[in-house]
Amino acid sequence: MHDTSTGSTGSTKGTGNTARPSRRTVLAATAGVAAALTVSTTAHAATPNDSKLRALISGMTLEEKVGQLFVMRVYGHSATAPDQADIDTNLKEIGVRTAAELIAKYRVGGIIYFAWAHNTRDPHQIADLSNGIQKASLDQPRGLPLLVATDQEHGIVCRVGKPATLFPGAMAIGAGGNRIDARTLGRVSGTELRAMGINQDYSPDADVNVNPANPVIGVRSFGADPEAVAELMAAEVKGYQASRVAATAKHFPGHGDTAVDSHTGFPVITHSRELWEKLDAVPFRAAIEAGIDSIMTAHIQFPALDDSGDPATLSSPILTGILRGELGYDGVVITDSLGMEGVRTKYGDDRVPVLALKAGVDQLLNPPSIDVAWHAVLGAVQNGELTEARLDESILRILRLKARLGLLDRPYVSPAGVDRLVGTEAHLAAADRIAERTTTLLVNEDATLPLDRGAEPRILVVGADPASPSGTTGPPTGVLAGALTELGFTATALSTGTAPSAATITKAVTAAQDADAVVVATYNVTASSSQRTLVQQLLATGKTVVAVAVRNPYDVAQLPAVKAYVATYSWTDVELRAAARVIAGQVAPHGRLPVPVQRADDPAQVLYPIGHGLTY
């Protein structure tokens with residue numbers, strides 16, 4: 001990631017994209033599309049004229065229709081002039097040099113941004129890339145604007161980093177339990193994304209995380225109470241709608257009770273149909289009631305809903321029978337990434353996109369090979385396995401969404417909008433205040449917290465330093481030490497990692513001799529984790545030890561001797577700074593556990609229930 005101050009990457013010049021076209025050019029490029037639509041002026045309440053959208057579809061070639069169904073990754077910071085290394089990767093993986101070439105060749109309906117694809121260096125570059133992508137599509141015959149998407153969940157999944165505003169993640173919001181905060185997150189995040197030309201966010205997560213061992217959802221979920229998850233998710237969706245960004249509820253029919261990561265395996269959910277109705281379905285029903293724009297499928301088996309052994313992404317009983325039929329959802333259905341192992345286990349990459357469309361999917365996200373997937377869909381229509389009318393159904397939903405978001409009228413964004421709306425003082429202050437309301441004090445024996453600057457002025461901060469989700473924050477020990485120093489302590493940081501060696505532990509214990517108190521950042525502690533040894537040896541020094549669980553709150557069960565334990569639910573700066581303010585006593589903790597924490601020695605027993613949280 002590059003800072004916005006690094007020269008030409010923060011301006012329209014130097015990125016290889018042409019200057020932002022005028023609105024007159026846009027309207028001409030869309031060939032009268034905007035004028036042909038009946039659109040209300042209320043934000044997100046736009047109602048496209050279906051007959052006009054159908055007329056657009058009828059004028060499309062079969063190849064153009066196939067392309068509209070795909071949302072694809074592409075490497076590079078620019079739509080037309082990416083760095084040579086990104087050109088090389090694009091040629092290797094996609095068979096094109098640039099985003100503009102991808103759009104011209106396959107007429108894709110959407111692009112997904114990733115930090116690792118070098119799409120998200122800084123806000124002005126992102127806006128310029130978005131404009132370049134829109135222009136590349138609108139310059140085509142019968143060109144249409146694209147849905148530009150990313151996974152901006154906040155917390156541990158974040159593609160756009162600082163200086164954009166970063167919020168606490170979903171489980172932290174669950175700990176805060178405040179619908180207004182959830183809605184503010186959606187509104188501010190959506191406003192900033194929209195200013196950068198990102199108009200679809202694959203967030204929020206509607207999964208109910210009832211499995212502490214869940215390796216892929218965890219703190220991405222609002223919690224374990226389906227009603228609370230539903231309430232907060234619906235509020236966040238309303239916030240995104242107010243900013244005219246399409247929110248996406250995921251991962252249908254519910255990915256919250258699995259111990260397998262669908263990126264690398266094929267999870268099986270063993271819930272009964274009755275349990276699904278009471279647990280997993282509740283947030284999705286709330287999302288539909290809130291008018292959710294898109295719903296993402298899960299690459300999981302759910303035998304109680306479909307006993308064929310197919311993943312939900314490819315299941316007509318789940319997507320058409322339940323989601324469309326029983327839940328009455330008629331918005332856009334998008335797959336999770338088609339490059340994930342969970343959807344590739346049973347069928348080949350040429351069959352997956354066709355089966356997904358047959359099951360009821362509208363958007364096909366990020367196939368391993370766009371060429372294989374695109375030609376598979378084209379061939380399926382040509383040989384009669386799929387009808388062109390079936391494609392038209394999905395394209396109508398996609399065009400309705402594009403029209404509702406105002407993209408057919410205003411697909412471009414401006415540098416002035418970036419300056420005015422992204423990472424503003426008001427937005428950053430809102431994130432800080434929300435984070436303070438989420439920080440959860442789990443244990444505070446002997447009134448260990450807050451620490452006293454007079455009695456305990458010297459603090460050693462040790463622990464895990466997991467990589468920044470966005471590449472722009474951290475390291476956590478350094479952020480905690482810096483925040484505590486700003487609050488009047490003398491704090492130093494010593495990174496000990498997620499699996500500290502004996503030598504590292506000895507170094508930390510030696511350093512603790514010169515401190516009055518030690519703050520330890522813990523990360524997914526297990527029974528066999530050497531993080532336990534680190535904490536135990538620090539406790540043996542007799543120094544005051546404060547632990548901060550920077551991901552899963554379940555860590556507290558593995559370290560029962562710690563007298564003060566704080567949970568932040570993520571390790572991004574906004575949450576860690578809030579934790580420092582709680583530790584220092586500048587603010588009182590207000591968060592309450594949104595998941596139960598079981599005893600480590602007897603998981604059948606609850607150590608701390610949902611709603612547990614101390615204050616002072």
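This is a predicted model: local features need pLDDT of at least 70, side-chain atom pairs count only at pLDDT 80 or more; totals for chains, interfaces and linings use all residues.

User: At roughly what angle do the axes of helix 9 and helix 11 cross?

Analyst: Helix 9 spans residues 226-242 and helix 11 spans residues 281-289, with axes that come within 8 Å. The crossing of helix 9 and helix 11 is right-handed. The two are roughly parallel to each other, since angles under 35 degrees count as such. The axes cross at roughly 25°.

User: How many nonpolar, polar and charged residues does the contact of helix 9 with helix 11 have?

Analyst: In helix 9, the residues in the contact are Pro226, Glu227, Val229, Ala230, Met233 and Ala234. They meet Val282, Pro283, Ala286 and Ala287 in helix 11. By class, this contact has one charged residue, no polar residues and nine nonpolar residues.

User: Which residues in helix 6 does helix 5 meet?

Analyst: The axes of helix 5 (residues 99-106) and helix 6 (residues 123-138) come within 9 Å and cross at roughly 30°. That makes helix 5 roughly parallel to helix 6. The residues of their contact divide into five nonpolar, one polar and no charged. From helix 5, Ala99, Ala100 and Ile103 take part, and in helix 6 they meet Ile133, Ala136 and Ser137.

User: Is Gln363 buried or exposed?

Analyst: Gln363 lies in the loop between helix 14 (352-359) and strand 8 (364-365). Leaving aside residues up to four places away in sequence, Gln363 touches Leu69, Val71, Leu147, Gln200, Val332, Val333, Ile334, Thr335 and Ile398. Its relative accessibility is 0%, so Gln363 counts as buried.

User: What distance separates the C-alpha atoms of His77 and Gln125?

Analyst: His77 is in the loop between strand 1 (70-72) and helix 4 (84-93). At 5% relative accessibility, His77 counts as buried. His77 and Gln125 are 48 residues apart along the chain, and their C-alpha atoms are separated by 6.8 Å.

User: Where is the proline that a cis peptide bond joins to Phe252?

Analyst: Most peptide bonds are trans. The bond that joins Phe252 and Pro253 is cis, with omega about 10°. The place of Pro253 is in the loop between strand 5 (248-252) and helix 10 (273-278).

User: What is omega for the peptide bond from Ser203 to Pro204?

Analyst: Pro204 lies in the loop between strand 4 (200-201) and helix 9. The peptide bond from Ser203 to Pro204 is cis, with omega near 5°.

User: Is His154 buried or exposed?

Analyst: Most residues other than glycine have a negative phi. His154 is not a glycine, yet has a positive phi of about 75°. Its place is in the loop between strand 3 (147-150) and helix 7 (170-176). With a relative accessible area of 2%, His154 is buried.

User: What is the relative accessibility of Asn524?

Analyst: Asn524 is found in the loop between strand 12 (517-522) and helix 21 (530-539). Phi of Asn524 is near 50°, a positive value in a residue other than glycine. Asn524 counts as partly exposed, because its relative accessibility is 27%.

User: What radius of gyration does the chain have?

Analyst: The chain has 23 helices and 16 strands, and 61% of its 616 residues count as buried. The C-alpha atoms fill a box of roughly 75 × 55 × 45 Å along the principal axes. A compact globule with 616 residues would have a radius of gyration near 25 Å, and the chain agrees with this, at 25 Å.

Terms used:
Residues are numbered from 1 along each chain as its sequence is written. Side-chain values use heavy atoms; hydrogens and water are left out. Axes are lines fitted to C-alpha atoms, for helices over the stretch in contact, and angles run from 0 to 180 degrees between N-to-C directions. Helices (H or I, at least four residues) and strands (E, at least two) are DSSP runs, numbered from the N terminus. Angles under 35 degrees count as roughly parallel, over 145 as roughly antiparallel, 65 to 115 as roughly perpendicular and the rest as oblique. Contact means heavy atoms within 4.5 Å. Ala, Val, Leu, Ile, Met, Phe, Trp, Tyr, Cys and Pro count as nonpolar, Asp, Glu, Lys and Arg as charged, and the others, Gly among them, as polar. The radius of gyration is taken over C-alpha atoms; the globule rule is 2.2 Å times the number of residues to the power 0.38. Buried means under 20% relative accessible area, exposed over 50%, partly exposed in between (1.4 Å probe, protein chains only). A crossing is left-handed if the near helix is turned anticlockwise from the far one by less than a right angle, and right-handed if clockwise.
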